[in-house]
Amino acid sequence: MVQSYQSKIKIAVVGAGPSGVYCAVNILGMLSEIKFANFELDLFDKGQVLRTILPTGNGRCNITNAIDDIKEFAKNYPRGEKFLYSLFSRHSNFDSIDFFKSIGIDTVCESDSRIFPKSQSAKDVRNKLFSKLKSFKNVNLINKKISSKNELKNYDIVVICTGSRGSETLIKSFGHKCVEFKKALCALKIENASLYPKGVSVKSLDGDFIFTKDGISGPLVFKISSINAYKEFPYNIAINLFDSEELIKACKEFPKKSILNLLSNFIPKSLALVLIGDENKKAAEVSNKKLISYSKLNLRVISTASMGEIVNAGGVDLNELDKDCKSRLQDNLWFCGEVMNIDGFCGGFNLQNCWSSGYVVAKSVVSFIIKKYGLEL
């Protein structure tokens, strides 16, 4: 490569979580491929590199999901669905799997399409990704929190990958709008929680959940909390527990049996007792209307709960970014990962946003360097 840009290009990647490290590794790899070395990449973080990847997937790291249709994949994001079409078309879940394989992480696909490392260890993913980062020259890890644009004024290129926690001030310092951060993928507190059987798990038609001391948690609840992240409390939800026609059929077949025993074939007995109240009532004594009501659990949600929170909704307004996640307001600024107003359900979707946006930003940054500084291949 022949270069006309004499002084070193300074790149700042702010945030050493999944998106920041993935983006940095790809920038370093792409610049290495074109044999350009006249740069320095500073990776900033106030804490340990990739610490946020360790608790993902309950310590197993749900790397991505095996859904093979981009639009179907993107339906798993309450915010950012259409914006992600372009990102996924350029760096899909399968591209991410190939990348991880290239750094020594083989993967396995579970029956529900979630993809994990074969080692079942988030620590393994963290270590391999960190080792890949450290294998490059021209990269500096700086243990520092960046709070404003002014701290980055000496950099030619800035990529913000700070995630959703405590990023609002930094985002706004660049003149960008920040959609208010709200808890998503978290447990919910409900009215009259003491009436329900604490610790009891339920497999409903809508998904699995569990009763906690002050509400409900589990995969279905995380999804509900995500969809309703911006809904004002309190609000009502209805969970479809089972097919009411099946219960009606059972009651006709066994009219003299206890309704509690029949209902317990569909839901846990402790929950059935809460719903019917009278455990001695016979099936023949219950109207079809009442039987139908047992099939739906109506709850009033009063707030989010602290347990289970994985991501926040909110972040950089997507209208202020182009298809490469590049700022429409600043010439040398990009955002990637959860700092953008993109969040997904459980199942590897939030990490895939990190991988896809990290790669696309890296590609855009390298193209920007080549054009902006008159580099010739």
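Predicted model: local features only at pLDDT ≥ 70, side-chain atom pairs only at ≥ 80, totals over all residues.
What covers the buried residues of helix H8? The cover includes helix H9 (259-263) and helix H11 (288-294).

Residues are numbered from 1 along each chain as its sequence is written, and side-chain values use heavy atoms, with hydrogens and water left out.

The chain's secondary structure comes to twelve helices and 16 strands; helices (H or I, at least four residues) and strands (E, at least two) are DSSP runs, numbered from the N terminus. The C-alpha trace spans about 90 × 40 × 30 Å along its principal axes. Of the 377 residues, 52% count as buried. Here buried means under 20% relative accessible area, exposed over 50% and partly exposed in between, with a 1.4 Å probe and protein chains only. Taking contacts between residues at least 6 apart in sequence, 76% join residues at least 24 apart, where contact means heavy atoms within 4.5 Å.

Back to H8, which runs over residues 244-253. Its buried residues are Ser244, Leu247, Ile248, Ala250 and Cys251. They sit on the same side of H8 because they cover an arc of only 160° around the axis, the arc being that of the directions from the helix axis to the C-beta atoms. Over on the other side of H8, Glu245, Lys249, Lys252 and Glu253 are exposed.

Next comes a six-stranded open sheet, ordered E10-E11-E12-E9-E14-E13 and paired antiparallel. Two strands pair if DSSP finds at least two bridges between them. At the edges are strand E10 (201-203) and strand E13 (235-240), each of which pairs on one side only. From one strand to the next the twist averages 40°; axes are lines fitted to C-alpha atoms, for helices over the stretch in contact, and angles run from 0 to 180 degrees between N-to-C directions. Inside the sheet, strand E11 (residues 208-211) and strand E12 (residues 215-217) are joined by two bridges in the antiparallel sense, and Ile210 has Ser217 in E12 as its bridge partner.

Helix H7 (residues 219-227) lies across E11, E12, E13 and strand E9 (188-190), and runs at about 95° to E11. In H7, Leu220, Val221, Phe222, Ile224, Ser225 and Ser226 are buried. These buried residues of H7 pack against E9, E11, E12 and E13, and also against strand E8 (178-184).

A second open sheet has three strands in the order E3-E5-E4, again with antiparallel pairing. Strand E3 (64-65) and strand E4 (107-109) are its edges; each has a single partner strand, so one side of each is left without a neighbour in the sheet. Two bridges link E3 to strand E5 (residues 114-117), with Thr64 opposite Ile115 in E5. E4 and E5 are joined by three bridges, and here Thr107 stands opposite Pro117 in E5. E4 and E5 also make a hairpin with four residues between them, and Ser113 in the turn has a positive phi of about 80°.

The crossing is right-handed, meaning that the near helix is turned clockwise from the far one by less than a right angle. Among the H1 residues in this contact are Tyr22, Ile27, Met30 and Leu31, and those of H12 include Trp355, Tyr359, Val365 and Ile369. By class, the contact has 15 nonpolar, three polar and one charged residues. For this count, Ala, Val, Leu, Ile, Met, Phe, Trp, Tyr, Cys and Pro are nonpolar, Asp, Glu, Lys and Arg are charged, and the others, Gly among them, are polar.

Ser7 lies in the segment before strand E1 (9-14) and counts as partly exposed because its relative accessibility is 43%. Ser7 and Phe39 are 32 residues apart in sequence, with 8.3 Å between their C-alpha atoms. Gln330, in the loop between strand E15 (311-316) and strand E16 (333-335), is buried, with a relative accessible area of 19%. Leaving out residues up to four places away in sequence, Gln330 touches Lys149 and Phe174.
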